[in-house]
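This report walks through a helical model, one region at a time. Here are the sequence and the structure.

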Amino acid sequence: MAMRDGLAEAERRGDVTTRSQTLTYLMVAGRKRGDVEEVRQAVGPVIEQARQAALPEYEAMAIANRAWVAWRSGDEAKAAADAQAALQMWEGLPVRYPFEWMALWPLVAIALAAQRIEPAAEYARRMLPPQQQPLLEPARTLVEEAVRAWDAGQPAETEELLHRAIRAASDLGYL
């Protein structure tokens, strides 16, 4: 309710930055609830507002969420392309964007489903640096253990841990 009130106030004042930010976080809240249709409908307006406010990080957030929608809808090619596009946009920012998990979780799931353990482990690794928003438990520990298993040359253990991490990520609203 408070975010919707903030959005109404931003619209009243003509504040494109706050409008863009609020629309983005309402979209993220929809994702965390698993509401594919809400997120699908939000992506276009979020991209439009982010461009108006000159906030490429928020445009990339919308593209990452579009990747999630595509993944949840079974379109892995579109999901992978959008996730990579979001990551490229964030990589072009002067400071590392802390919410890369938005794009990385679908990439982990896609790679794992194709039994491509190495890229799945490397995507998972990218969620762990201190500059990234810490993952909630048990996802964080499972990702850490999967990366350690990969580094120790244990692909079967890595695969099992990543499958468990994906289940945890789904339960936590990441996927």
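## Helix α2 and the basis of the model

In α2, the buried residues (under 20% relative accessible area; over 50% is exposed, in between is partly exposed; 1.4 Å probe, protein chains only) are Ser 20, Thr 22, Leu 23, Thr 24, Leu 26, Met 27, Val 28, Gly 30 and Arg 31. Helices here are DSSP runs of H or I with at least four residues, and strands are runs of E with at least two, numbered from the N terminus. The 17 residues of α2 (residues 16-32) should span 24 Å at 1.5 Å a residue, and its end C-alpha atoms are 24 Å apart, which agrees. The expected span is 1.5 Å times one less than the number of residues. Gly 34 follows α2, with a positive phi near 80°.

The model is predicted: local features need pLDDT of at least 70, side-chain atom pairs count only at pLDDT 80 or more, and totals for chains, interfaces and linings use all residues. Residues are numbered from 1 along each chain as its sequence is written, and side-chain values use heavy atoms, with hydrogens and water left out.

## The α4/α5 pair

Helix α4 (residues 56-72) packs on helix α5 (residues 76-91) at an angle of about 165°, with the axes 8 Å apart. That makes the two roughly antiparallel. Axes are lines fitted to C-alpha atoms, for helices over the stretch in contact, and angles run from 0 to 180 degrees between N-to-C directions. Under 35 degrees counts as roughly parallel, over 145 as roughly antiparallel, 65 to 115 as roughly perpendicular and the rest as oblique. α4 passes α5 in a left-handed crossing. Left-handed means that the near helix is turned anticlockwise from the far one by less than a right angle; clockwise is right-handed.

Contact means heavy atoms within 4.5 Å. On α4 the contact residues include Pro 56, Ala 60, Ile 63, Ala 67 and Trp 71; on α5 they include Ala 79, Ala 83, Ala 86 and Trp 90. Asp 75 sits in the loop between α4 and α5. Asp 75 is partly exposed, at 37% relative accessibility.

## Helix α6: enclosed

Twelve of the 13 residues of α6 are buried, so α6 is largely enclosed by the rest of the structure. Among them are Trp 101, Trp 105, Pro 106, Ile 110 and Leu 112. What covers them includes α2, α4, α5, α7, α8 and α9.

Helix α8 (residues 139-151) has 13 residues and reaches 18 Å from first to last C-alpha, close to the 18 Å expected. Its buried residues are Ala 139, Leu 142, Val 143, Ala 146, Val 147 and Ala 149. They cover an arc of only 160° around the axis, which puts them on the same side of α8. The arc is that of the directions from the helix axis to the C-beta atoms. Arg 148 and Asp 151 are exposed on the other side. Cover for the buried residues includes α6 (101-113), α7 (117-125) and α9 (155-172).

The axes of α8 and α9 come within 8 Å and cross at roughly 165°. The two helices are therefore roughly antiparallel. Their crossing is left-handed. Leu 142, Ala 146 and Trp 150 are among the α8 residues that meet α9, where the partners include Leu 161, Leu 162 and Ala 165. Gly 153 follows α8, with a positive phi near 75°.

## Loops and backbone exceptions

Most residues other than glycine have a negative phi, and most peptide bonds are trans. Ala 54 has a positive phi, near 55°. Ala 54 lies in the loop between α3 (36-52) and α4 and is exposed, at 60% relative accessible area. Gln 115 also has a positive phi near 55°. Gln 115 is in the loop between α6 and α7 and is exposed, at 62%.

The loop between α7 and α8 holds Pro 138. A cis peptide bond joins Glu 137 and Pro 138, with omega about 5°. Gln 132 is in the loop between α7 and α8. Gln 132 is buried, at 4% relative accessible area. Not counting residues up to four places away in sequence, its contacts include Arg 96, Tyr 97, Phe 99, Trp 101 and Met 127.
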